[in-house]
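Subject: Structure for your review

Dear colleague,

Please find the structure below, followed by an account of what was found in it.

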Amino acid sequence: MAKFGVVGGSGVAVNILLFNLLLHGLKWAPMVATVIASCIAMGTNYLGFRYFAYRDRASRTRRQIVLFFAFSGLGVLMESGLFYVGYQGLGMSSPLGSNIAKALSIVLASAFRFLVYRTWVFQHTKHGR
């Protein structure tokens with residue numbers, strides 16, 4: 001769980017920093033900024049999970065990659081939907097409010113990601129005896 005936290009924390013940093021650059025720096029649309037930032041963070045997270053957090057688990061396979069990006073895609077949808085609710089529905093559109101909405105959406109979607117990555121994507125290798 002600690003390694004998941006390290007990788008996840010770095011992914012959150014990438015996600016938040018890129019989100020702020022796109023939304024507040026470059027003035028991109030809020031939903032575009034959140035989706036792009038989440039997708040780039042997803043890519044960096046894959047590398048961290050595969051080669052750091054879950055390196056002792058089953059070797060990389062096509063199935064693992066497909067599952068990771070499928071579940072990550074669901075996580076991005078969850079995160080984006082939650083962000084939309086905060087940003088549009090609750091009026092959290094100021095710079096501080098948008099960051100709070102983004103952070104809360106990341107936290108909630110990360111609980112889902114943790115469970116599915118650990119359970120289905122990066123499974124323990126099975127040793128036959």
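Helices α3 (62–89) and α4 (95–121) pack at an angle of about 155°, their axes lying 8 Å apart. Helices here are DSSP runs of H or I with at least four residues, numbered from the N terminus; axes are lines fitted to C-alpha atoms over the stretch in contact, and angles run from 0 to 180 degrees between N-to-C directions. α3 and α4 are therefore roughly antiparallel to each other, a term used for angles over 145 degrees. Their crossing is right-handed, meaning that the near helix is turned clockwise from the far one by less than a right angle. The contact of α3 with α4 (heavy atoms within 4.5 Å) comprises 18 nonpolar, 6 polar and 4 charged residues. Ala, Val, Leu, Ile, Met, Phe, Trp, Tyr, Cys and Pro count as nonpolar, Asp, Glu, Lys and Arg as charged, and the others, Gly among them, as polar.

The model is predicted: local features need pLDDT of at least 70, side-chain atom pairs count only at pLDDT 80 or more, and totals for chains, interfaces and linings use all residues. Residues are numbered from 1 along each chain as its sequence is written, and side-chain values use heavy atoms, with hydrogens and water left out.

For α1 and α2, the axes come within 8 Å and cross at roughly 155°, which makes α1 roughly antiparallel to α2. This crossing is right-handed, and the residues of the contact divide into 17 nonpolar, 7 polar and 1 charged.

The axes of α1 (residues 2–25) and α4 come within 11 Å and cross at roughly 145°, again in a right-handed crossing. Among the residues making the contact are Phe4, Ile16 and Phe19 of α1, and Ala103, Ile106 and Phe114 of α4. By class, this contact has 10 nonpolar, 6 polar and 2 charged residues.

The structure also holds 1 cavity of 30 Å³ or more. A cavity is a set of points on a 1 Å grid over the protein atoms alone where a 1.4 Å probe fits but cannot get out, and lining residues have an atom within 4 Å of a point. The largest cavity contains about 160 Å³ of space. It is lined by 17 residues, and those closest to its centre are Ala41, Asn45, Glu79, Ser110 and Arg113. α1, α2 (30–53), α3 and α4 each give two or more residues to this lining, which has 8 nonpolar, 7 polar and 2 charged residues.

Yours sincerely

Conventions
1 Å grid on protein atoms, 1.4 Å probe; cavity = no way out; pocket = protein on both sides within 12 Å on 5 of 7 lines; lining within 4 Å. Points joined across faces, edges and corners; volume = space filled by probe spheres on them. Parallel < 35°, antiparallel > 145°, perpendicular 65-115°, else oblique.
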